Amino acid sequence: MHSNIFSNYPPKDKSNLISLLQEVQNIYGYLPESALMDISEFLDMPLSRIYGVATFYNQFRLKPLGKNIIRVCRGTACHVKGSANLLFALETALNCKAGETTRDKNFTLEVVACIGACSIAPVIVVNDDYYGRATVKDIPRILKKYTASEVSSEKIEEQITSEQ
Ligand code: FES
């Protein structure tokens with residue numbers, strides 16, 4: 001199934017595991033189980049070891065990403081300016097924890113270390129858009145921009161307000 005990926009690699013050469021995982025992830029955005037099984041067969045390596053490597057490195061994901069990636073900076077400057085509140089508001093509004101993707105697959109919520117924009121802390125980044133000096137009150141407006149249906153954006157607003 002993933003033979004097009006394997007054509008650049010010699011079979012059973014375990015030293016290529018990381019490169020293969022990277023290539024698969026570049027194609028799919030994550031590591032589908034079927035691809036890991038194919039890699040296991042191709043490298044003649046137990047699937048459990050491949051999972052071990054895939055879960056050890058932060059760069060690899062075992063689940064697909066949402067359509068929009070929200071990154072909440074939890075570096076020191078952002079922490080001091082209240083990024084924990086922003087994260088909590090986002091988790092509440094999206095009904096998912098940091099590191100998870102919403103059920104409708106519209107958002108993935110992530111926590112990141114300093115993203116180099118401390119002067120506008122606290123910072124949230126959605127895809128490539130930076131929102132500096134963000135407050136909990138800004139969250140509904142920010143999410144609304146990336147939420148297709150008006151109904152769900154209204155819900156987000158309601159949910160945040162009821163948690164405050
Ligand atoms: S600590 Fe958040 S941008 Fe630096």
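The model is predicted, so local features need pLDDT of at least 70 and side-chain atom pairs pLDDT 80 or more, while totals for chains, interfaces and linings use all residues. Residues are numbered from 1 along each chain as its sequence is written, and side-chain values use heavy atoms, with hydrogens and water left out.

Q: What makes up the chain, in helices and strands?
A: The chain has eight helices and four strands. Helices are DSSP runs of H or I with at least four residues, strands are runs of E with at least two, and both are numbered from the N terminus. Along the sequence the pattern reads α-α-α-α-β-α-α-β-β-β-α-α.

Q: Why is Tyr9 called buried?
A: Buried means under 20% relative accessible area, exposed over 50%, and partly exposed in between, with a 1.4 Å probe and protein chains only. Tyr9 has 16% relative accessibility, so Tyr9 counts as buried. Across the chain, 41% of the 164 residues count as buried.

Q: Where does Tyr9 lie, and which residues is Tyr9 in contact with, leaving aside its neighbours within four places in sequence?
A: Tyr9 sits in the loop between helix H1 (3-6) and helix H2 (17-28). With those neighbours left aside, Tyr9 is in contact (heavy atoms within 4.5 Å) with Asn16, Ser19, Leu20, Glu23 and Phe42.

Q: Which residues of H2 and H3 meet?
A: Leu17, Leu20, Leu21 and Val24 of H2 meet Ala35, Leu36, Ile39, Phe42 and Leu43 of H3. This contact divides into nine nonpolar, no polar and no charged residues. Ala, Val, Leu, Ile, Met, Phe, Trp, Tyr, Cys and Pro count as nonpolar, Asp, Glu, Lys and Arg as charged, and the others, Gly among them, as polar.

Q: What makes H3 oblique to H4?
A: Helix H3 (residues 33-43) and helix H4 (residues 47-56) pack at about 120°, with axes 9 Å apart. That angle makes H3 oblique to H4. The contact involves Glu33, Leu36, Met37, Ile39 and Ser40 of H3 and Leu47, Ile50 and Tyr51 of H4.

Terms used
Axes fitted to C-alpha atoms, helices over the stretch in contact; angles between N-to-C directions. Parallel < 35°, antiparallel > 145°, perpendicular 65-115°, else oblique.
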